[in-house]
Number of protein chains: 2
Amino acid sequence: SGNFRGISPAEFFYRNRQMAGFENPTQSLYTTVRELVENSLDSCEEARVLPTVDVTIQSELGRTCTVSVSDNGTGVPDENVPNAFGKVLYGNKYSSRQRRGTFGLGVTMAVLYGQISTGTPAVIHTKTAQNEGNEYSVYIDIESNSPIVKSSNPLKRKERGTTVHITLNGDLKRSRERVIEYLRLTGISTPHARITLSLDDTERYTFGGFTKKIPSLPVDSLPHPHAADLELIRRLAAKNPDLRLHEFLVGSFQQLGHKTAEKFLNFIRMDPRATIGSLDREALSYLGNSLRKYDKFGKPSATCLSPVGKESFFNAIRKEFNATVIGYSQRGPLEWDGFPYIVEGVLAISDAFEQSDIPHLFRFANRVPLLYDSTDDVFAKTLKRIPWARYKPPEISGVAIFTHFCSIRVPYSAAGKQSITSVSSITSEILSLYRELGRKLKVFSEGKKRALHSRRK
Amino acid sequence: SGNFRGISPAEFFYRNRQMAGFENPTQSLYTTVRELVENSLDSCEEARVLPTVDVTIQSELGRTCTVSVSDNGTGVPDENVPNAFGKVLYGNKYSSRQRRGTFGLGVTMAVLYGQISTGTPAVIHTKTAQNEGNEYSVYIDIESNSPIVKSSNPLKRKERGTTVHITLNGDLKRSRERVIEYLRLTGISTPHARITLSLDDTERYTFGGFTKKIPSLPVDSLPHPHAADLELIRRLAAKNPDLRLHEFLVGSFQQLGHKTAEKFLNFIRMDPRATIGSLDREALSYLGNSLRKYDKFGKPSATCLSPVGKESFFNAIRKEFNATVIGYSQRGPLEWDGFPYIVEGVLAISDAFEQSDIPHLFRFANRVPLLYDSTDDVFAKTLKRIPWARYKPPEISGVAIFTHFCSIRVPYSAAGKQSITSVSSITSEILSLYRELGRKLKVFSEGKKRALHSRRK
Ligand SMILES: Nc1ncnc2c1ncn2[C@@H]1O[C@H](COP(=O)(O)OP(=O)(O)OP(=O)(O)O)[C@@H](O)[C@H]1O
Ligand SMILES: Nc1ncnc2c1ncn2[C@@H]1O[C@H](COP(=O)(O)OP(=O)(O)OP(=O)(O)O)[C@@H](O)[C@H]1O
Ligand SMILES: [Mg+2]
Ligand SMILES: [Mg+2]
């Protein structure tokens, strides 16, 4: 009785697409570019190549735009194309290392929005190492969350990689500034990528390409013991229920070697020789809570992360903004709810930055620039808590701070991935980061003052 | 190749539970109370009774709390209990009228969080008009997004209705103020409901019960023509492909009678006698775009909405805050993206309200108080754009504005339903609302001044 039914996740995001960045034609165009470029950069990362990403936007009569993004990445295997593009919550990035993509939602939302706003299918031309190239046109069946392949045919592509075309109701006039800014900042957080932008064949830009050095690929890591909620414990236990607790802990978690396992099990008074499968729910609950509370585990390893790093960040910011870089600061690797993260920041001065009492803030997460929703972002909120007058004399202006949060999981406040919530102890780490950058600014401005005085003498 | 797979929507919200209001134990306790109370009020509405909702929170050793919420609503039919509580994106509120629930997500997230933080199943004791009462304990299988019924047995319940118990890792000390505030404000936006709160058997509160008059039940409505995106058109067309365009339009949309249909089809040069099923994608696209652009359709009907209304709002605010109510304003019924909505506001003065230059803002959406995420809410952002000094002399303080946005679809910025994004023309309507309330405040304060002067003479 009473109309009970379920809806698909595609239906959920169709009805609530403002949560995924598709609130209006201006934002939808921006989000479409963003989602495609992020997929391209993830793919090039996996392919271990210097990324070449070409973005083309053609606006047509009225408000229709076609966004085309090409890359030299891995390409998409034929059997995966329909689901990758035509199914929400489907992808190959559900892993434990830092990546731009994380939900399996992004490009499918662009496909969906293009389809409901213009009736046009997404067109994907892709070539992997295993084929010559194929072109697909794909719709999504929203109610069933499944792909509809309108057509697919062989079409040679010169190089391995992918080109995606989305035609949507978008407002290029209003969107272009932010699209340009996004790509410009992407060239800074992924400085080894060459990115081009062509708008209506009349405007052309190039970004990035600041270095030929490819960063090392982050590596999947075992969970940190502080990530041990009951669901994780249950899943790990189910894999190998006959493992004795000691071996189970050492094999399932990082920062948990044999000595530490023994010490920990003694401390919580659990028998190291009991099998994980023999524990009932209450005992599993006790084990999980104890793992989360125990404070003698080491900080997580950073091999699953890919911070930009001082040299790369300085180099790109200097060149892109003709800036003087004042300082770099890094906090971590730490963990929030057991997920490894690093926060890094650069403070720089340039005429290119807004003149203001508070530094202008450029936010990044997993090498992606965040341009929307700054009011509810923890980096923006925390910036206001710093008494900048203490670090910055009024004569110094044009100050900017670039912050980068990188983690195997980013606590985004919504599926559009534009702002980070203030979870766990992240806020206090951000405060420390800002203070450290503030102190470097203070040293710099005092140095400038003294230099000025000595010149006058 | 490459680890392609899909994840269930339960898995998505498990990994990203901060998007649904489960960021930390303090917020999780608040969200759990909220989701249960909203379900209870929706149920009582459907049952057409004066709601009685009893909330009990027991904190146990450490940080474990048990939240219990009882109502005298419809109860949950036996065959629907497992999916209603153990499956994400499942419910009976996917309708076209104003309701508190909308996603089919809320209570299942509370079940999920309780389960992963304490290992405890949700316990549901429910009686409908068709049975004597049954008690269930339910888990959710996150990876498959399906319920696990741990136990179910007949258990008499005196009255029709439901009691839900969730045991979770929550922080009652930090949460209690906001829980109390939430229930207090709920008593204002649902003034005919009696709500009780009991905290650890030591504190007891009652809220609401300001009137015995039950508001009329909002009624499902046909979509407004401005909601005609391609997906909607396609679904409507598929229902009855042999309908001629004229009949299709009149039967599918509100504010589209025979005369208007004829005029519209002439205007866009489409043959009224063609069947909807005969239109190809391009023609459907043209039809949908034309429907959205045509500005001669009437404003939507308000029968699907349930604003609180001037008298009820005034009455409750006066009594709850011992306030002087200065003014009421209502905008609408209007539509955003074709969804009917009304915005109403009350301006009041009381010592109970914070003293400040800007009125204190109490936000509501579909009769639910919104207490989190105000920084990115359109009502809060827009409030700051009003030059309040123009309307409020410094000697008048303790001013508050209560805003209520009600719609068949609320553009929430995230699944936790705490803030509304600024879509469509809503912002300008909110500005008009605030200005109208501001003018009433100005009239009031000038009246006060004159009264003061005349007394002094
Ligand atoms: N340009 C591309 N090159 C290679 N693979 C791609 C490309 N674009 C998409 N894919 C594949 O399609 C999948 C789905 O993409 P989608 O953007 O929907 O999700 P995601 O990137 O995994 O996560 P997110 O929702 O956070 O973006 C990806 O996981 C990837 O495997
Ligand atoms: N106290 C209750 N009385 C009657 N039915 C209930 C009650 N609580 C839950 N339900 C049923 O369970 C379903 C699922 O509840 P849930 O909170 O997950 O979703 P929802 O209320 O429909 O939407 P939302 O996610 O916005 O809260 C509801 O649609 C309703 O049918
Ligand atoms: Mg992606
Ligand atoms: Mg609900």
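In this predicted model, a polar backbone atom of G104(B) sits 3.0 Å from an oxygen atom of ligand 2. That is a polar contact, meaning a pair of N or O atoms within 3.5 Å; within protein, one must be able to donate a hydrogen and the other to accept it, and residues adjacent in sequence count only if both atoms are side-chain atoms.

A few ground rules: residues are numbered from 1 along each chain as its sequence is written, while chains are lettered from A and ligands numbered from 1 in the order in which they are written. Because the model is predicted, local features need pLDDT of at least 70, side-chain atom pairs count only at pLDDT 80 or more, and totals for chains, interfaces and linings use all residues; side-chain values use heavy atoms, with hydrogens and water left out.

**Ligand 2**

- Two further contacts reach oxygen atoms of ligand 2: a polar side-chain atom of K93(B) at 2.8 Å, and a side-chain N or O atom of N39(B) at 2.9 Å.
- Of the 590 Å² of accessible area that ligand 2 has on its own, the protein covers 97% (areas by the Shrake-Rupley method with a 1.4 Å probe; for residues, only the protein chains shown count as cover).
- Ligand 2 lies between chains A and B.
- Around ligand 2 there are 25 residues, with N92(B), T102(B), L105(B), G106(B) and K417(B) the closest (a residue counts if one of its heavy atoms lies within 4 Å).
- α2(B) gives the largest share of this shell, 4 residues (helices, H or I, have at least four residues and strands, E, at least two; both are DSSP runs numbered from the N terminus).
- The shell of ligand 2 holds 8 nonpolar, 13 polar and 4 charged residues (Ala, Val, Leu, Ile, Met, Phe, Trp, Tyr, Cys and Pro are nonpolar; Asp, Glu, Lys and Arg are charged; the others, Gly among them, are polar).

**Ligand 1**

- The site of ligand 1 is shared between chains, because residues from chains A and B surround this ligand.
- The closest of its 25 surrounding residues are N92(A), T102(A), L105(A), G106(A) and K417(A).
- Oxygen atoms of ligand 1 lie 2.7 Å from a backbone N or O atom of L105(A) and 3.1 Å from a polar backbone atom of F103(A).
- The protein covers 97% of the 600 Å² of accessible area that ligand 1 has on its own.
- Elements giving two or more residues to this shell are α2 (25-47), α3 (81-86), β4 (90-91) and α4 (106-118) of chain A.
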